[in-house]
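Biologist: I would like to learn how to read a fold from its strands, helices and charged pairs. Where should I start?

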Amino acid sequence: MRYKLQKNPPVISLTVEASFTLLDFMALFACLLLGVFFALFLWIFAFAILVKVFTRYDFEFSSDTYKMTQYLRIFSYLRIKRRTLPFDEIDKFLFSNFDSGQALGGRGLINKEWFTLDIVTKDRHRIQLAKAQTDELEEMDELYFELKDYLIDWFSFEVEYEEIK
């Protein structure tokens, strides 16, 4: 997970780039090869993987308009506005491990722990800012505390963990 947090008053801008694995590249390569035979379905799937690999999410928190704007940036050139939320619709920022659970491993299902940083709205919808594995926990902590330093005047921040069995 890579992120960049910039503070240029009155806008605080957060860019989050999800990490991708060797499995993503293997799936992309297989889709491109098999796309010759099963053109439409596999080319669409390959495009979806390409978008996942080269996609970033940009969040801008404007203290002038008191709005959070989320953008989807594809290939660093195409920027699409996904949503705009006023600050008063945001309930809290939540750092948790609620997305943890069973994941497909080498020999069946294994327990996997994921840490997420979410924006929780007043109507209990979650907007995911970042998601990381256990080895990226220090970066997630750093992002959480930097956001908390910049945005504590407008939002509440919470940390919640569930015990994984």
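This is a predicted model: local features need pLDDT of at least 70, side-chain atom pairs count only at pLDDT 80 or more; totals for chains, interfaces and linings use all residues.

Biologist: What holds the strands of a sheet together in general?

Modeller: Strands in a sheet pair through backbone hydrogen bonds, and the pairing is either parallel or antiparallel.

Biologist: In what order do the strands of the open sheet lie?

Modeller: The order is 10-9-6-11, 4 strands with mixed pairing. Strand 10 and strand 11 (156-160) are at the edges with a single partner strand each, so one side of each has no neighbour in the sheet. On average, neighbouring strands are turned by 15 degrees against each other, direction ignored.

Biologist: Which strands does helix 3 lie across?

Modeller: Helix 3 lies across strand 6, strand 9, strand 10 and strand 11, and runs at about 25 degrees to strand 9.

Biologist: How many residues are in the largest nonpolar core?

Modeller: That core has 27 residues, and Leu14, Phe61, Met68, Phe93 and Leu147 have the most contacts inside it. Its largest share, 5 residues, comes from helix 3. As for phenylalanine 61, its contacts beyond four places in sequence include Ile12, Met68, Phe93 and Leu151.

Biologist: How do I read a helix, and which residues of helix 2 are buried?

Modeller: An α-helix has 3.6 residues a turn, so residues three or four places apart point the same way. In helix 2, the buried residues are Leu42, Ala46, Ile49, Val51 and Val53. The buried residues of helix 2 pack against helix 1 (22-34), strand 3 and strand 4 (67-74).

Biologist: Now the charged pairs. How many salt bridges does a search of the whole structure find?

Modeller: The search finds 6. In one of them, aspartate 58 and arginine 73 meet at 2.9 Å, N to O. Aspartate 58 is in strand 3 and arginine 73 in strand 4, 15 residues apart. Both residues are buried.

Biologist: Is aspartate 118 buried or exposed?

Modeller: Aspartate 118 has 1% relative accessibility, and under 20% counts as buried. Arginine 126 forms a salt bridge with aspartate 118, with the closest N and O atoms 2.9 Å apart. Arginine 126 itself is partly exposed, at 39% relative accessible area.

Conventions: Residues are numbered from 1 along each chain as its sequence is written. Side-chain values use heavy atoms; hydrogens and water are left out. A nonpolar core is a set of buried Ala, Val, Leu, Ile, Met, Phe, Trp, Tyr and Cys residues joined through side-chain atoms within 4.5 Å. Buried means under 20% relative accessible area, exposed over 50%, partly exposed in between (1.4 Å probe, protein chains only). Helices (H or I, at least four residues) and strands (E, at least two) are DSSP runs, numbered from the N terminus. Contact means heavy atoms within 4.5 Å. Two strands pair if DSSP finds at least two bridges between them. Axes are lines fitted to C-alpha atoms, for helices over the stretch in contact, and angles run from 0 to 180 degrees between N-to-C directions. A salt bridge is a side-chain nitrogen of Lys or Arg within 4 Å of a carboxyl oxygen of Asp or Glu.
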